[in-house]
Amino acid sequence: MSSTSQFVAIRLENHVLFIRLNRGERKNALSHDMYWTIADAIAGADQDREVRVILIHGSDVCFSSGNDLANFFNQDPGEYPEALALRFIDTLLNARKPIIAAVAGVAVGIGATMLLHCDLVFAADNSRFKLPFTQLGLVPEAASSLLLPRLCGHQKAMELLLLGESFDAETAVEIGLVNAISHESVVAHGKAVALRLAKLPPQAVQATKRLLREPLRSAIREAHDREQQYYIDALDSAEVAEALAAFMEKREARFD
Ligand code: COA
C-alpha cells in the first residue's frame, strides 16, 4: 500500500526537507497513510541530491501521540501498527541524510521512540514524553528496549518503560533523548539548526552519520525482531483488549 496523507505536509526549502505532522485534532496520532507518507519522504530524500537534512516536526503545541489507537482494530496483520512502524523505523534506520526532530507538546509511544532514531532532537519547554507500552498491555517498540538503556542506564530505562509515566523536557535532556530545550518556537529552532547543517559539506555530514549509526545497526534490528515477537502475542491478549476499550470509552483500564 502506498498513499499520500492529507495529514503530512512535505516541502523542500534550502536543502532542508520539512516533514510536518498535521493532524492536530488527533494530537498527530499516526494513521496508516501518515506512516507511509513519512517513510516515502525519508526514503525519497536519500535519492534526492537537493535534500541534505530532514526536519520532522509537528506544531508548536503538539508533536505526536504515537500510533493511532484505531489502527489496532484493523484486522489485516500487514497493517498492524507494528508492521507499519517496522517499515517506518526501518526507513529511519536506513536514512543517509541527517534527521532532526523538533518536539513540542506530546511525544507519546512511537512519537517518542522515533526520536531514538533521529540525529538531533530539540524540545519545547511544554513537551511531555511518554512510553505507555505496559499501560496498553504492550511491550517496548522501535528497538527502545536496546536504545533507551544505552542512553540512560538500565534503572532509568526500566522506570520509563515499566511505569510508562510522562516526563518533561528537562528529564528528556538529562537522559540524553533530547539535545536541548528551546524556550522560543521549537520548530523555528529546529529549522535554524537544519539550515546550518545544510550548509556544511554534505558528504562529510553523511559519512559522520553513517559512522555513528553503523555499529549499532544489526543490534537494533535484532532488538526490533525480539520486541516484535512479544508484540504480536500481546496484540491478541485480554490486556490489550481491555486497555484499548478503556481508551475508547475514556475510562480507567482494569487488569484484574
Ligand atoms: N490514537 C487515536 N486517537 C488519539 C490518540 C491516539 N494515539 N491520541 C489522542 N487521540 C484523540 C483522543 O481520543 C481525542 O479524541 P476526541 O476529541 O474524539 O475525544 C483527541 O485525539 C484529543 O486528545 P485528548 O486525549 O483530548 O488530548 P489530551 O491533550 O488530553 O491528551 C494524550 C493527549 C496524547 C496524552 C492522550 O490523548 C493519550 O494518552 N493518547 C493516547 C496515546 C497513546 O497511547 N498512544 C499509543 C502509544 S502505542
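This briefing describes side-chain contacts, surface patches and backbone features of the structure above. The model is a predicted one, and the values below are computed from it. A search of the whole structure finds 2 aromatic pairs, and the structure also holds 12 salt bridges, some of which are described here together with their places in the chain.

**Aromatic pairs**

- Tyr-35 and Phe-88 form an edge-to-face aromatic pair, with 5.4 Å from centre to centre and 65 degrees between the planes. The pair links distant parts of the chain, since Tyr-35 lies in helix H1 (residues 32–47) and Phe-88 in helix H2 (residues 81–94), 53 residues apart. Tyr-35 and Phe-88 are each buried.
- Phe-129 and Phe-167 form a stacked aromatic pair, with 5.4 Å from centre to centre and 20 degrees between the planes. This pair likewise links distant parts of the chain, with Phe-129 in strand S7 (residues 128–130) and Phe-167 in strand S8 (residues 167–168), 38 residues apart.
- Phe-129 counts as buried because its relative accessibility is 0%, and Phe-167 counts as buried at 6% relative accessibility; the cut-off for buried is under 20% relative accessible area.

**Salt bridges**

- The side chains of Glu-13 and Lys-191 meet in a salt bridge of 3.1 Å, N to O, and the pair links distant parts of the chain, with Glu-13 in strand S1 (residues 8–13) and Lys-191 in helix H7 (residues 186–198), 178 residues apart. Glu-13 is partly exposed, with a relative accessible area of 24%, and Lys-191 counts as partly exposed at 25% relative accessibility.
- Arg-23 and Asp-68 meet through their side chains in a salt bridge of 2.9 Å, N to O. The pair links distant parts of the chain, Arg-23 being in the loop between S2 and H1 and Asp-68 in the loop between strand S3 (53–57) and H2, 45 residues apart. Both Arg-23 and Asp-68 are buried.
- Arg-217 forms a salt bridge with Glu-214, and their closest N and O atoms are 3.1 Å apart. Arg-217 counts as partly exposed at 22% relative accessibility, and Glu-214 is partly exposed with a relative accessible area of 40%.

**Surface patches**

- Asp-125, Glu-170, Glu-174 and Glu-184 form a negative surface patch. Within this group, Glu-174 has its place in helix H6 (residues 169–174), and Glu-174 counts as exposed because its relative accessibility is 69%.
- Phe-73, Phe-247 and Met-248 make a nonpolar surface patch of about 320 Å². Met-248 lies in helix H10 (residues 238–248) and counts as partly exposed at 42% relative accessibility.

- Asn-28 has a positive phi of about 55 degrees although it is not a glycine. The place of Asn-28 is in the loop between strand S2 (16–21) and H1, and Asn-28 is buried, with a relative accessible area of 2%.
- Lys-250, which is not a glycine either, has a positive phi of about 55 degrees. Lys-250 is found in the segment after H10, and Lys-250 is exposed, with a relative accessible area of 78%.

Conventions
Residues are numbered from 1 along each chain as its sequence is written. This is a predicted model: local features need pLDDT of at least 70, side-chain atom pairs count only at pLDDT 80 or more; totals for chains, interfaces and linings use all residues. Side-chain values use heavy atoms; hydrogens and water are left out. Patches are made of residues with over 30% relative accessible area and no salt bridge: like charges are joined within 9 Å, nonpolar side chains (Val, Leu, Ile, Met, Phe, Trp, Tyr) within 5 Å. Accessible areas come from the Shrake-Rupley method with a 1.4 Å probe; for residues, only the protein chains shown count as cover. A salt bridge is a side-chain nitrogen of Lys or Arg within 4 Å of a carboxyl oxygen of Asp or Glu. Lys and Arg count as positive and Asp and Glu as negative; His and the chain ends are not counted. The place of a charge is taken as NZ of Lys, CZ of Arg, CG of Asp or CD of Glu. Helices (H or I, at least four residues) and strands (E, at least two) are DSSP runs, numbered from the N terminus. Buried means under 20% relative accessible area, exposed over 50%, partly exposed in between (1.4 Å probe, protein chains only). Rings of Phe, Tyr and Trp (its six-membered ring) pair if their centres lie within 6.5 Å; planes under 30 degrees apart count as stacked, over 60 as edge-to-face and the rest as tilted.
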